[in-house]
Every structure is written in C-alpha cells, then in structure tokens.
Amino acid sequence: MKRFIQAIFILGFVAFVACTPKSAKYFAQAEIQYKQAEYQHAIENYQQSLSEGGDVAQCNYYIAECYRRSNRIQQAEPYYRKAIEAGVKDEEAHFFYANALKSVGNYEGAATQYKQYIKTGSNFDYINRAKKELENLKALEEIVARPTYYKIENLSALNTPEAEYAPFFFKDKLYFTTSRDAEKMHSATGTGFTNIYEFIFDGVEKFSGQAMPLPDNLNTEGAHEASCIITKDGKTMIFARGNSGAKKGPTDVDLYKTTMGSDGKWTDPVMLAISDADAWDACPALSLDEKTLFFASNREAEGALGNVDIYKATLDEKGEWSNPVNVGAPINTRGNDMYPCVNKDGVFYFSSDGHPSLGSLDIFYIKNEGGKLSIENIGKPINTSYDDFGLVWKDSLDGYFASNRVDDGAKGDDDIYFVKNTYWDRTAKYIVDGTSFGRSKANPKYILPGATVYLFNEAGDTLQSTVADADGKFQFTVEPDKKYFLVSHMDKYFSHIKEEWEPFTIASVPFKDLKIGENEIKKSAEVILIKREKIVFVRNILYDYDKWNIREDAAKELDVIVELMQANPDILIELGSHTDERGSADYNRVLSQKRAQSAVDYIVAHGIAKERITAKGYGEDDPAIKGAKTEEDHQANRRTTFKVLNNFNDELQIKSH
C-alpha cells in the first residue's frame, strides 16, 4: 500500500485462452477484478485458474502485474520469472522483471533483463528507462562503498503488522499514516484503508508512547487519508485523501486543508484548488518559510517527466496556492519521484526509483558544494533494495522514515524507523596507557604489579592516582595538548626524583580524523621503580631564609633517609648544611650548624641512633651556585646534603642530589 494511496481506475482488456472450463471461469473473474484494480482478489482467482490448468505464462504474468500495480514489487519477482520461463508474449515482462530483480537486490540479473528489453522491446519510454537503469546500476558500487554516518532503529513501540508510513514530527508528537484497525479492506491490496494517527511519546522507555487516530472529520470511512503536514504555528494541516470508489466525488487522490478552530478542534477539510481531479496528488511538504508547497503528482501537465513527479506551488497575496509547476530535472526522472521534504538546514530530500537506487524507492538529497548542486543517494543503512521513503527530520541529527524491508526488526508491511545522523557524534578520549616496571642490579627491567602511580600536572599538583594491575598496567584519562608527569611509589622501591621527571603530552586529533562514535587516543608510558636496597636517590633538604626549621618538603626527604637507615643498620652518614652567601661568614657558620642539627634531630626522633649521624655546618663556604643573584639561586644554596661515611654494603648504591 505504502507509498501510493490507492485509487480505483479502469485498466485495459486482458486476453486469455483458458485450458479448461474451470480455469476459464476463474480467469474471467480475475479479469474483471484486474480491470477494476481489485488486485488482491484478482491474484486469488489467477492462482485458482493456474491450479485448474490455466495458461502458466499468462496467469503468472498477471499475478506479477497485480503485485506490481499494488506496490508489492518484491512479491512480483518469482511470478515474472515463471511467466518468462513459460514463454509469455508480453514484451514488457522483461522490463518489469528487471525492476523486480533490482528490488530484491539481484543487480546482475536485473542488468541482463534490461539489456534483453533494449534489444527486443518496442516501448520507446521503457527502452530509455532501461538504458538509464543500466547506468544507475553502474553507480551502485560507489553508493554501497560510501561510508555511512547513519544509525537506524525500528520504532517497535509504534509499528504493527499493518502499514505505518509517512511520518511527520510536530511538537513532540509523531504523526503517521497507518492501515491498523481498519474495518474495510481495499480490494486492490487486501489491506485496510489508511488513516492518520498521532503518536505521543511518554518517556517511559525509548520511543514508547500511545498512538491515537485523528478526529473522524479528518479520517473518513472507506477512503484513504495519509501524509499530513502541519504549519509551524500549528494552525493549518495539509494531507492527502483518496477516493472512496463511489460514483460521485473525486476519482483519484487529492490534497486537503484543515485549520485549527478557536475551540481547539480541526475544521472539516477542504480540497486544495491545486489538486487535479483526474490525477494522484499526495506527499505534501513545505519550504522553510512556508511560502512554497511541494507535492507529488502523476498529472498530465507541461514539463511532466515520469510516472510521478514533484511539483511546487507558491502562496500568493490572498493566501492561496498558485498554479503548480513541475520542479523538473535533475530532481524528477522518468521513474517515480515523491515524498519531498526540506529539513531545518534547508536541505531538500525526496524519494525516487528513477535515480541510481539500491532497489525500489530510495531516499535522495540535493548536495550543494560551493554552489554546485548534485543529487546524492543517502546510502545504507537507510536505503535498501526495498522501498525506503518519506524521510523527515526532527532536527539536524534525528529523523524518521518508512520502509517495507524485511530485516532490521521489521514487523510487516511498511514500518517507521528512527534515524540518527552520527556524523557529529564523534568523541575522543585521551588515555595514558602505562606499564609499571621495577629495576634491580640483577634485573634491569621487569613488570611490577601493585605499584601506586600518580599523575601530576605541569605545576606538580597531583591529579589522579591508581594501582598497577597484575600485569603492571595502569591508565589515566587526560586532556590533549597539556603537559603531564608520572610518578610511582611502592614499598621497598624508590621513584625518580622530580628533577628527572619526563613531561609528556598527547596531541589532539583533528575532528575529521576521528571515527564515528567514541575514539580512544592512547599514548604508551612507563614508570620505573628502583629497589631501595640496590640504588637510593636522596635529594637535598632545603630551608627558608635565615631559618633552620624542617619544612614539609624537607621532611619527606628526611623520611627517605630514615627508611634507608632502617633498612641498612650499618650505615653511618653525615648531614652537611649550607647557607646562601648573604650575611657574615661567622653568622652563616652558626646558622648552618643549626640546620644540620635540626635535620639530625628529626632523624633521631624517628628511631635512628644519634651515634650513626654526624651534623656539620659549612656556612657559606661551598655554595651550589656561586655568586647567586636570584631568590631561586639563593634557595638552592640553603641546603643540607647527605653523605655516606663508611663502606657498609657492596650491593647498595646511594646517589645524592
């Protein structure tokens, strides 16, 4: 049913020579039904005729035609094949069979049939369309290979085994067309007449909500209503209504308008003057400024190119729509072009089977690159070999469309799908991917589980900490283009001192180089801990100007010496203190001795025998930086150094800084 609202019309006479009286009876009944576009009933009688010995070629051909004419082209494919194998005389069977093969994704078989028709066919229009289709098939390889930025999901909470299509989003409601709950069946397709529903999302689960039909003055009994759109102010609705099959009234499908009354109810619809009483007019859409109305029609008009073309009408000063004009090529083709839509960014979308498509109807858009316009197939996964049509956008990223595909969670007939444009959905997570190693005299590098690792910023502030796993692995999430340092700690091990920290930076990756979704940008890193009983780094203890008290940073370094002396009870050390060059030499010598003694007192207070430590003040005699001028240089001179006085352990190496 789907993309076309059915209308009752009369077809040409079908010639047939029955093989048996019973087969002739069924065929004659099918012939009448076929003429009246009662395709589903006709299919049943053609099949009965076949079972009674009817002509295999003719019966199969007209079964296929019934499916094709009722927009069920995939179901027509095996019957065209049987008809051709049985020697059907209708030359157009090859052309229609090619279309059916394409609709099920058999592109190679479709190409063979198009070529066959070009050789043997006589319908000039079909020959040109076959040539165009051969060109289109060559373009499919590029379309299929093109990277896709879309993700789709069946709206399972909305869809039923019946038809749901023509979505339109307005103020948190999704309007759609459906044949659910139909009391009358359409004789052409065997499915119910369609009505327009609104789906109200309740937010309980993803896409969950309730579907409700629009009022009875909009949805009429025994006629199709479909494809509604609503103006931005919510005051006007335009939709399509098919005929009821009655002798009086419209003979096809027309566009109607209803307005919102002061009572909050939709008024009785009025047919738009731009409708053609003898044509199929449907699929309305508005431009961004709502001054242009696009729609699809099969009218016989100047500029018409194919079966169904897209037209436009403009709003005049009186608020009426002007005489429609065919939008022409390159949008319209010799095939069917319909379901126009203009998204919030002004991009024009439509559905077509005349442009290079993956099967039947595909969704296309007009691409504008520097003023150069081209028609682009939106590609997979939106488009398939089945009918994919009626794309509308809720915003720049999220939209809805309809398809009669049989996978992707399809419930049957046409279903509505949610589509998300993930092109901008690219995130980068920058990760330090590190490994903790140990080092000893016997083994210069080995995996070290259980080490605590710290992440510092450039200023030396601790940002994060973690513990290396059983494989020595650890990770930190950082920001790109910033400097960081890693420091580790573990009992019986020492880390590198601050002066030996190696800064690292993870460079940011340009957006265009990121993959869709979440990207992890990793930088390998290592931390190395040195066993205390092998090599020990001891940093200088620093003091404030004219002070000898132990600062917090100095206490940390003295703790290292305490641990060293506890682990090695034979060690004897000297703590030699220094001052900067300011002040008198005698005063500085006394000050330096106080500094040395305060360091000794700290170590003794932590359980180390005072006999193992010598305190000596050197005053200003041995500056680290001679002729210091800056406060930073003076600070380097105000220090206590560490020196081992005895040769107590051949295994241990102590380095003082």
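## Strands, turns and a helix pair

Ile 238 stands opposite Lys 257 in β8. Everything here comes from a predicted model, so local features need pLDDT of at least 70 and side-chain atom pairs count only at pLDDT 80 or more, while totals for chains, interfaces and linings use all residues. Residues are numbered from 1 along each chain as its sequence is written, and side-chain values use heavy atoms, leaving out hydrogens and water.

A word on naming: helices (H or I, at least four residues) and strands (E, at least two) are DSSP runs numbered from the N terminus. Two strands pair if DSSP finds at least two bridges between them.

**The sheets**

Where do β7 and β8 sit in their sheet? The order is β6-β7-β8-β9, an open sheet of four strands with antiparallel pairing. The edges belong to β6 and β9 (270–271), and each has a single partner strand, so one side of each is left without a neighbour in the sheet.

Another open sheet of four strands runs β10-β11-β12-β13, with antiparallel pairing. Here β10 (281–286) and β13 are the edge strands, each pairing on one side only. Four bridges link β10 to strand β11 (residues 292–297) in the antiparallel sense, and Leu 286 has Leu 293 in β11 as its bridge partner.

Then there's the hairpin of β16 and β17. Strand β16 (residues 362–369) pairs with β17 over six bridges, again antiparallel, and Asn 368 stands opposite Leu 373 in β17. Two residues lie between the strands of this hairpin, and Gly 370 takes a positive phi near 60° there.

Most residues other than glycine have a negative phi, and most peptide bonds are trans. Which residue in strand β6 (residues 225–230) goes against that? Ser 227 is the one to look at in β6: its phi is near 55°, a positive value in a residue other than glycine.

One joins Ala 329 and Pro 330, with omega about 5°, and Pro 330 sits in the loop between β13 (325–326) and β14 (337–342). Another joins Lys 380 and Pro 381, with omega about 0°; Pro 381 is in the loop between β17 (372–377) and β18 (388–393).

**Buried or exposed**

Relative accessible area sorts residues into buried (under 20%), exposed (over 50%) and partly exposed (in between), using a 1.4 Å probe and protein chains only.

| Residue | Relative accessible area | Class |
|---|---|---|
| Asp 172 | 57% | exposed |
| Ser 227 | 6% | buried |
| Gln 40 | 18% | buried |
| Gln 33 | 9% | buried |

Gln 33 is part of helix α1 (residues 21–35), and Gln 40 is part of helix α2 (residues 39–51). What is Gln 33 in contact with, leaving aside its neighbours within four places in sequence? Glu 38, His 41, Ala 42 and Asn 45 are in contact with Gln 33, where contact means heavy atoms within 4.5 Å. As for Gln 40, its C-alpha atom is separated by 23 Å from that of Ala 282, which is 242 residues apart from Gln 40 along the chain.

**A helix pair**

Two packed helices are described by the angle between their axes and the distance between the axes. Helix α4 (residues 73–85) and helix α5 (residues 92–103) pack at about 135°, with axes 8 Å apart. The axes are lines fitted to C-alpha atoms, for helices over the stretch in contact, and angles run from 0 to 180 degrees between N-to-C directions. α4 and α5 are therefore oblique to each other: angles under 35 degrees count as roughly parallel, over 145 as roughly antiparallel, 65 to 115 as roughly perpendicular and the rest as oblique.

The crossing of α4 and α5 is left-handed, that is, the near helix is turned anticlockwise from the far one by less than a right angle (clockwise would be right-handed). On the α4 side, the contact includes Ile 73, Tyr 80 and Ile 84, and among the α5 residues are Phe 96, Tyr 97 and Leu 101. The residues of this contact divide into eight nonpolar, four polar and two charged, counting Ala, Val, Leu, Ile, Met, Phe, Trp, Tyr, Cys and Pro as nonpolar, Asp, Glu, Lys and Arg as charged, and the others, Gly among them, as polar.
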